[in-house]
Amino acid sequence: MASIDTPVNPGIVLTERAAQEIRGLLESQGKADAALRVFVQGGGCSGLSYGMAIDDVVEEDDFVYDCHGVKVVVDSLSIQYIKGSSIDYVEDVMGGGFKIDNPNAIRTCGCGSSFATEEAGEGDADSGCGPGCGCH
């Protein structure tokens, strides 16, 4: 396990608002000591998509970050696509949700759930992630 806990976090950072939401979620599920696992998987109209899950297990090759008291875990394959990203919690007229700002993304889906990087290549814009997605 690679643990990085520095003032300038080169991996994944949470805003204070996102950390507050995650802490509340962990506490409501009785898993205050669990971690937020952030990962990348193939799919979506831009080629790659984000995933997040509550996880009790930290693997040997995971990167672990402490962000405002929340343990964030990223596997060694995903980190290359999302290194330097920040996660915020935003609210709008449709409700609230997590938003990922990924400096590695060269193209993103209009709904914000998928992206492409130079390393991963470009996805098929016609594969779609739903009506009105508006990939750009």
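Which side chain meets that of Arg-37 in a salt bridge?

1. In this predicted model, the partner of Arg-37 is Asp-62, with an N to O distance of 2.6 Å. Arg-37 belongs to strand S3 (residues 35-42), whereas Asp-62 sits in the loop between strand S4 (48-55) and strand S5 (63-67), so the pair ties together parts that are 25 residues apart in sequence. Both Arg-37 and Asp-62 are buried.

2. The structure holds five salt bridges, and those that share partners join Arg-17, Glu-21 and Glu-91 into one network. Arg-17 and Glu-21 meet at 2.5 Å, N to O; both lie in helix H1, four residues apart, about one turn of the helix. Arg-17 also forms a salt bridge with Glu-91, the closest N and O atoms being 2.5 Å apart. Because Arg-17 lies in helix H1 and Glu-91 in strand S7, this pair ties together parts that are 74 residues apart in sequence. Glu-91 counts as exposed at 56% relative accessibility, while Arg-17 is partly exposed at 28% and Glu-21 partly exposed at 26%.

3. An open sheet of mixed pairing is formed by three strands in the order S2-S7-S8. Its edge strands are S2 (13-14) and S8 (95-101), each of which pairs on one side only. Helix H1 (residues 16-28) packs on the sheet and touches S2, S7 and S8, its direction making about 80° with that of S7.

4. Strands S7 (residues 86-92) and S8 run antiparallel and are joined by seven bridges; Val-90 has Gly-97 in S8 as its bridge partner.

5. The count of aromatic pairs comes to one: Tyr-89 and Phe-98 are edge-to-face, 5.2 Å centre to centre, with 70° between the planes. Tyr-89 counts as buried at 16% relative accessibility, whereas Phe-98 is partly exposed at 33%.

Definitions and conventions: Residues are numbered from 1 along each chain as its sequence is written. Side-chain values use heavy atoms; hydrogens and water are left out. Two strands pair if DSSP finds at least two bridges between them. Helices (H or I, at least four residues) and strands (E, at least two) are DSSP runs, numbered from the N terminus. Contact means heavy atoms within 4.5 Å. Axes are lines fitted to C-alpha atoms, for helices over the stretch in contact, and angles run from 0 to 180 degrees between N-to-C directions. Rings of Phe, Tyr and Trp (its six-membered ring) pair if their centres lie within 6.5 Å; planes under 30 degrees apart count as stacked, over 60 as edge-to-face and the rest as tilted. Buried means under 20% relative accessible area, exposed over 50%, partly exposed in between (1.4 Å probe, protein chains only). A salt bridge is a side-chain nitrogen of Lys or Arg within 4 Å of a carboxyl oxygen of Asp or Glu.
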